[in-house]
Amino acid sequence: MSIIANIKKVLGRRDEIEQKLSSGQIETEELTKLSRELAEIRPVAEQASYLHELMDNLEQARQILEDDAADAELAEMARMEIDELSDKQEEAELKLKLLLLPKDSDDSRNAILEVRAGTGGDEAALFASDLFSMYQRFATQNGWRFEVMEISETGIGGYKEATANISGQDVFARLKYESGVHRVQRVPETEAGGRIHTSAATVAVLPEAQDVDIEINESDLRIDVFRASGPGGQSVNTTDSAVRITHLPTGIMVSQQDEKSQHKNRAKAMKILRARLYDAERARQQAERAASRKGQVGSGDRSERIRTYNFPQGRVTDHRINLTLYKLDKILNGEALDEVVDALASEDQAARLAAGDNEE
């Protein structure tokens, strides 16, 4: 669809919504729906109006320049105005195209964060703990709620795996590019020789699923209960409150033991299971859509090495976009993670624009 057709479409829809809202003859549910749509379309409409005005002014300046009766001074002013307006039009068109890009329907959702130690033994578990803390600080700085759902510790401060439910505004939109393998290069505290070790941890960010998104049949579930235990097998519970749920058709298994109540552990496990099933379906659909698009930033491939944290050099490199920042401490503290997230989002937008994703 051409930019002019998009402008007409957006402005037409805005006028249509405003007319319906001002009529006072719509039901409460429809009123809420239209008000929300108007809030979303308003910045697009404003940008479209601005671009439309620029194009009108540019056309007028060109007509003056083409008018043989125009004096030299007026023609020179028109020429200067054309140069200025052309630059503004190019910038305005790009901004409108970005605003017109289809939104990921899951962007506004909360997220389930899963961090697991990979290769590297105790050092990998310590790195997994560092990553989990990084996202917790990042959530705090964004005003999000970070609820720890389960942590499996190693006993020396490391995490075999850790899960959290993060809720707030645009959580999934900001964190969805974090899924993949994160690699660390540093000298472990236990390394007497001062040699640099390379370890890894896997991060998965899943959009939180609602009951209406995924239908789970009870007959497809196997639910086991057992006694919770702490690091090294130490008993932390005297009742069978821990829950393990296996989804038989897919083989996906979720365990929860952090709560003393079996009911609460089951509810948490079901929330994670629902998110994993929803994410699996989302990944399948994305794979189909991305079949013709190369170099997709947000592929969500859990096995892809996406980032390296090099402690000796104090640098963090995101391999998908060749971005290197010498701000390792600030990134792990959650302060500078925004810079990485913003760069990934911008690259993804550019790739989608190049692929023509805003055209119908």
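Two strands are taken to pair if DSSP finds at least two bridges between them. On that basis, the predicted model described here contains an open sheet of 8 strands, arranged in the order S2-S3-S1-S5-S4-S9-S10-S11 with mixed pairing. Strand S2 (145-153) and strand S11 (323-325) are the edge strands, and each of them pairs on one side only. From one strand to the next, the twist averages 15°.

The secondary structure comes to 8 helices and 11 strands. Of the 360 residues in the protein, 40% are buried. The accessible surface amounts to about 19800 Å², and carbon and sulfur atoms account for 46% of that surface. Among contacts with a separation of 6 or more, 61% are between residues 24 or more positions apart.

His-182 illustrates both pairings: its bridge partner in S5 is Ala-201, while in S9 the residue opposite His-182 is Arg-307.

Further along the sheet, strand S10 (residues 315-318) and S11 run antiparallel and are joined by 3 bridges. Here Asp-318 stands opposite Leu-323 in S11. Helix H8 packs on the sheet, where it touches strand S9 (305-310), S10 and S11, and the direction of H8 makes about 165° with that of S11.

Two packed helices are described by the angle between their axes and the distance between the axes. For H4 and H8, the axes come within 11 Å and cross at roughly 85°. Angles of 65 to 115 degrees count as roughly perpendicular, and H4 and H8 are therefore roughly perpendicular to each other. The residues that meet are Met-134, Tyr-135 and Phe-138 from H4 and Leu-337, Asp-338 and Val-341 from H8. Sorted by class, this contact has 5 nonpolar residues, no polar residues and 1 charged residue.

A further open sheet is formed by 3 strands in the order S6-S7-S8, with antiparallel pairing. Strand S6 (221-226) and strand S8 (252-256) each have a single partner strand, so one side of each is left without a neighbour in the sheet. The twist in this sheet averages 15° from one strand to the next. S6 and strand S7 (residues 242-247) pair in the antiparallel sense over 6 bridges, and Leu-221 stands opposite His-247 in S7.

Finally, a look at a single side chain in helix H3 (residues 72-100), which includes Gln-89. The relative accessible area of Gln-89 is 15%. Buried means under 20% relative accessible area, so Gln-89 is buried. Leaving aside residues up to four places away in sequence, Gln-89 touches Leu-51, Leu-54, Met-55 and Leu-58.

Terms used: Residues numbered from 1 in each chain as written. Predicted model: local features only at pLDDT ≥ 70, side-chain atom pairs only at ≥ 80, totals over all residues. Heavy atoms only, no water. Axes fitted to C-alpha atoms, helices over the stretch in contact; angles between N-to-C directions. Helix = DSSP H or I, 4+ residues; strand = E, 2+ residues; numbered from the N terminus. Parallel < 35°, antiparallel > 145°, perpendicular 65-115°, else oblique. Contact = heavy atoms within 4.5 Å. Nonpolar A, V, L, I, M, F, W, Y, C, P; charged D, E, K, R; others polar. Buried < 20%, exposed > 50% of the residue type's maximum accessible area, 1.4 Å probe, protein only. Areas by Shrake-Rupley, 256 points an atom, 1.4 Å probe, with all protein chains shown as cover.
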